[in-house]
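Subject: Model handover

Hello,

Here is the model we spoke about. Please look it over before reading my notes.

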Amino acid sequence: MKLLVTGGAGFIGSNFVRYMLEKHPSYKIVNLDKLTYAGNLENLKDVENNPQYTFVKGDIADAQLIAQLLDEHEIDVLVNFAAESHVDRSITEPGIFIQTNISGTQVLLDAARTKGIQKYVQISTDEVYGSLGETGYFTEETPLAPNSPYSASKAGADLLVLAYHETYGMNVNITRCSNNYGPYHFPEKLIPLMITNALEGKQLPVYGDGLNVRDWLHVQDHAKAIDLVIHKGESGEVYNIGGHNERKNIEIVELILERLGKSKELIKYVTDRLGHDRRYAIDPTKLTEQLGWQPDYTFETGIAETIEWYLANEAWWRSIKSGDYMNYYSKQYGEP
Ligand code: NAD
Ligand code: TDX
């Protein structure tokens with residue numbers, strides 16, 4: 001099989017590329033990535049010389065380039081991870097989210113349709129369903145009700161994918177996963193931000209009352225689910241991905257501090273995120289029953305391994321946390 005993976009230099013994409021090269025050594029993988037602030041070739045340093053792997057720098061919204069790649073590499077399946085992915089950045093700068101997440105997806109869909117590739121897989125998110133109250137779960141039938149510019153852009157992309165299936169009969173799947181964590185996670189997101197700030201002895205900024213709930217899944221288990229969807233997903237179907245691991249943000253922050261032997265005094269409650277979704281929780285029954293997926297990680301083993309990874313890869317995160325990141329950080333949190 002020949003795969004075009006877009007956004008493969010980011011957090012989940014790079015873990016997915018590594019997973020697929022190991023799991024399916026005969027597959028060829030082309031990784032197209034624009035290398036925005038979130039894209040980092042260091043994430044795939046260990047596979048860069050693998051003859052089955054090719055990296056191409058470029059934009060998913062570049063129709064000519066996409067058409068050329070599909071032809072040149074005789075692509076069978078396109079898996080689209082490329083996106084602007086950070087909710088806080090979408091609140092301050094929504095424009096690029098519309099451009100990449102919606103227009104970019106449409107360009108990919110059009111190229112996939114014109115070239116008649118076998119399958120298109122859109123990597124989406126549980127955030128398209130909006131926010132839950134204290135109880136209940138997101139199923140694939142939950143109506144879309146996105147609340148942030150980020151989630152609205154992802155929902156828009158999902159609707160385009162489904163429209164291309166209905167209109168042109170394209171073989172598509174959409175996956176909607178809960179919050180991922182694991183190695184190579186960019187330190188603007190909760191878990192890597194808290195680990196690295198604690199290691200630097202900086203304050204840990206917790207939004208609002210810290211009681212918002214996220215449903216955490218190890219990135220490797222996400223990759224495993226996408227692999228199943230590529231091979232076994234039914235045309236036109238959406239699959240939710242999640243491992244029933246709901247945690248309040250403050251519990252995560254306290255757990256990280258405890259594991260690192262750092263004081264809770266580093267916690268700083270800060271102004272809440274605008275439009276902050278209260279709770280996400282995924283019902284993965286369709287994926288477990290129809291495709292036979294089960295996660296390998298428990299949160300306890302996954303978070304312990306992740307903390308170890310950040311301890312062992314200080315050079316990786318320290319180089320990200322310098323330069324442009326410092327401007328972002330002081331704008332977002334009002335301190336250096
Ligand atoms: P990320 O921000 O770490 O990586 C995004 C990648 O896309 C980067 O390498 C970036 O350079 C690339 N990119 C951005 N714009 C591009 C463009 N126009 N053309 C080509 N490449 C471009 O994001 P992530 O956390 O790895 O998320 C990957 C995908 O998974 C996204 O679509 C996101 O919506 C989805 N998702 C993320 C999570 C999560 O918890 N992180 C959960 C569910 C779904
Ligand atoms: O400094 C912080 N303080 C804080 O309290 C940050 C960065 C976050 N938070 C809170 C906000 C959320 O309730 O932690 C929770 C998780 O925040 P993020 O890591 O920004 O993730 P979230 O907004 O839940 O979105 C993530 O999961 C779904 C990904 O970034 C999305 O790409 C994915 O679609």
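Below is what I found, starting with the conventions.

This is a predicted model, in which local features need pLDDT of at least 70 and side-chain atom pairs count only at pLDDT 80 or more, while totals for chains, interfaces and linings use all residues. Residues are numbered from 1 along each chain as its sequence is written, and chains are lettered from A and ligands numbered from 1 in the order in which they are written.

Helix pair: the axes of helix 6 (residues 190–200) and helix 10 (residues 299–312) come within 10 Å and cross at roughly 50 degrees (axes are lines fitted to C-alpha atoms, for helices over the stretch in contact; angles run from 0 to 180 degrees between N-to-C directions). Ile 191, Pro 192, Ile 195 and Thr 196 of helix 6 meet Thr 306, Ile 307 and Tyr 310 of helix 10 (contact: C-beta atoms, placed from the backbone, within 7 Å).

Sheet: three strands make an open, mixed sheet in the order 7-9-11 (pairing needs at least two DSSP bridges). Strands 7 and 11 are at the edges with a single partner strand each, so one side of each has no neighbour in the sheet. Strand 7 pairs with strand 9 (residues 213–218) in the parallel sense over three bridges, and Asn 180 stands opposite Leu 217.

Regards

Methods
Helices (H or I, at least four residues) and strands (E, at least two) are DSSP runs, numbered from the N terminus. Two residues are in contact if their C-beta atoms, placed from the backbone, lie within 7 Å.
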